[in-house]
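Please keep the sequence and the model at hand while reading.

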Amino acid sequence: MARPLRLEFAGALYHVTSRGNRRDLIYEADEDRHAFLAVLDDVDETFNWVCHAYCLMGNHYHLLIETPDGNLSKGMRHLNGVYTQVFNRHHRRVGHVFQGRYKAILVDREEYLLELARYIVLNPVRAGLVRDALDWPWSSYRATLGYKSKLKTLHADAVLAVFGGTRRAAVRRYERFVSEGRNQPSPWGELKNQVYLGSESFVNEMQSHIERPDELTEVPAAQRRPTARSLMFYAETEGSRDEAIVRAYASGGHSMKEIGQFFGLHYSRISRIIGKANGKT
């Protein structure tokens, strides 16, 4: 069977899993999990990833990752490669830690962001390791509720923002939403073509990225981007705030954090605006 395509573009959202070689443990102690999260923090910062949810199990992990710069494969090589070095050095071993390629599912954020965020943190409950998601310290669930996050770069706001209202009200609704998911069927029954989780229109949209041969996907980003102007220039010349944000980021001259500070918006909101715009192109 042919391996599924790797489709990468700015603003893509993925559910990523990677398993231990021969299904062996990839975390043998809490020290290993701390080390993995430290590497993930570094990847998030280096590759401009947005991690919405995660869960570290025994022989595999789950991540819900957004890639504003369309660079999943580069970040994954760093994540699994560096962690393998750390793990082998700590346990005085050599060889592979992970089994083959990681698995990445391209996700329709409008349909499945919340569902996958819930599915991921409920993994230890479904596996019978704990009775409640709150009891598992190695997922994003506790941090989303407001506890101190073990992953410094976790962006829980994108998930909570969907529930609206104040943070306290959003946390209560999120907690109830996760609790109600215990007996829900797995989302993988909706998987299409091995790599897409979303509606038919979403799949068609993703297929169009593959089928357009005139897209300059292999041209270095620095060559594709026009010369950056000031953020004030984009704010004054574009038809709307969101269009100004998208143009400013596409210029390559401004980070999401910088754009957010200028427009008075949180990083996660800037990321969603850019992701939504790129999903329509």
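Five strands form an open sheet with mixed pairing, in the order β2-β3-β1-β4-β5. Its edge strands are β2 and β5 (196–197), each of which pairs on one side only. Strands (E, at least two residues) and helices (H or I, at least four) are DSSP runs numbered from the N terminus, and two strands pair if DSSP finds at least two bridges between them. The model is predicted: local features need pLDDT of at least 70, side-chain atom pairs count only at pLDDT 80 or more, and totals for chains, interfaces and linings use all residues. Residues are numbered from 1 along each chain as its sequence is written, and side-chain values use heavy atoms, with hydrogens and water left out.

- Strands of a sheet pair through backbone hydrogen bonds, either parallel or antiparallel.
- Strand β1 (residues 12–19) has seven of its eight residues buried; buried means under 20% relative accessible area, exposed over 50%, and partly exposed in between, with a 1.4 Å probe and protein chains only.
- With strand β3 (residues 60–67), β1 pairs in the antiparallel sense over eight bridges, and L13 has E66 as its bridge partner in β3.
- With strand β4 (residues 103–107), β1 is again antiparallel, over four bridges.
- In β4, H15 has I105 as its bridge partner, while V16 stands opposite A104.

**Helix α1**

- Helix α1 (residues 30–46) has 17 residues and reaches 24 Å from its first C-alpha to its last, close to the 24 Å expected at 1.5 Å a residue; the expected span is 1.5 Å times one less than the number of residues.
- The buried residues of α1 are D32, R33, F36, L37, V39, L40, D41, V43 and D44.
- The cover over these buried residues includes β2 (50–56), β3 and α2 (72–91), where contact means heavy atoms within 4.5 Å.

**Positive phi angles**

- Most residues other than glycine have a negative phi, and most peptide bonds are trans.
- R23, in the loop between β1 and α1, is not a glycine, yet has a positive phi of about 65 degrees; R23 is exposed, with a relative accessible area of 56%.
- R92, in the loop between α2 and β4, has a positive phi near 55 degrees and counts as exposed at 81% relative accessibility.

**The second largest cavity**

- The structure holds two cavities of 30 Å³ or more. On a 1 Å grid over the protein atoms alone, a cavity is a set of points where a 1.4 Å probe fits but cannot get out, and lining residues have an atom within 4 Å of a point.
- The second largest cavity has a volume of about 60 Å³; grid points are joined across faces, edges and corners, and a volume is the space filled by probe spheres set on the points.
- Its lining consists of E115, R118, Y119, L122, R126, G181, R182, Q184, P185, S186 and P187.
- Helix α3 (residues 109–121) gives the most to this lining, with three residues.
- By class, the lining has four nonpolar, three polar and four charged residues. Ala, Val, Leu, Ile, Met, Phe, Trp, Tyr, Cys and Pro count as nonpolar, Asp, Glu, Lys and Arg as charged, and the others, Gly among them, as polar.

**Residue A277**

- A277 is found in helix α13 (residues 267–279) and counts as partly exposed at 24% relative accessibility.
- A277 and I245 are 32 residues apart in sequence and 10.0 Å apart in space, C-alpha to C-alpha.

How values were computed: On a 1 Å grid over the protein atoms alone, a cavity is a set of points where a 1.4 Å probe fits but cannot get out, and a pocket is an open set with protein on both sides within 12 Å along at least five of seven lines; lining residues have an atom within 4 Å of a point.
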